[in-house]
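Hi everyone, thanks for coming. Let me put the structure up on the screen, and then I'll walk you through it.

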Amino acid sequence: MALKIIASMCSGCSACEAECPNTAIREKGGNFIIDPAKCTECEGHFDAPACIAVCPVDNCIKKV
């Protein structure tokens, strides 16, 4: 269970990084990536993934 940021769609705004309760999101090469080993899709923290909720780009973050 993990999420993935589509690099070609990422605007690099960093909104998702601050919202992740597991520090699973980091910047790499101007875009942000999600560490699948740390991502829990916010289970136990929020009702839905916080990164998806704050991302200004529709469908930039997908379940893998």
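Predicted model: local features only at pLDDT ≥ 70, side-chain atom pairs only at ≥ 80, totals over all residues.

Residues are numbered from 1 along each chain as its sequence is written, and side-chain values use heavy atoms, with hydrogens and water left out.

So, the fold. The protein has 2 helices and 4 strands, where helices (H or I, at least four residues) and strands (E, at least two) are DSSP runs numbered from the N terminus. Along the sequence they come in the order β-α-β-β-α-β. With a radius of gyration of 10 Å, close to the 11 Å from the globule rule for 64 residues, the protein is as compact as a globular protein of that length. That radius is taken over C-alpha atoms, and the rule is 2.2 Å times the number of residues to the power 0.38. The C-alpha trace spans about 30 × 20 × 20 Å along its principal axes.

How much of the protein is buried? Of its 64 residues, 30% count as buried, meaning under 20% relative accessible area, while exposed is over 50% and partly exposed is in between (1.4 Å probe, protein chains only).

Now the hairpin. Strand E2 (residues 25-28) and strand E3 (residues 31-34) pair in the antiparallel sense over 4 bridges; to call two strands paired, DSSP has to find at least two bridges between them. Ile-25 stands opposite Ile-34 of E3, and Arg-26 has Ile-33 as its bridge partner there. Between the strands sit 2 residues, and Gly-29 in this hairpin takes a positive phi near 65 degrees.

Have a look at the two faces of E3, too. Side chains in a regular strand alternate between the two faces of the sheet. In E3, Phe-32 and Ile-34 make up the covered face, and Asn-31 and Ile-33 the uncovered one.

Last stop: Val-54, in helix H2 (residues 50-54). Beyond its neighbours within four places in sequence, Val-54 is in contact (heavy atoms within 4.5 Å) with Ala-15, Cys-16 and Glu-19. Its C-alpha atom is separated by 9.7 Å from that of Ser-14, 40 residues apart along the chain.
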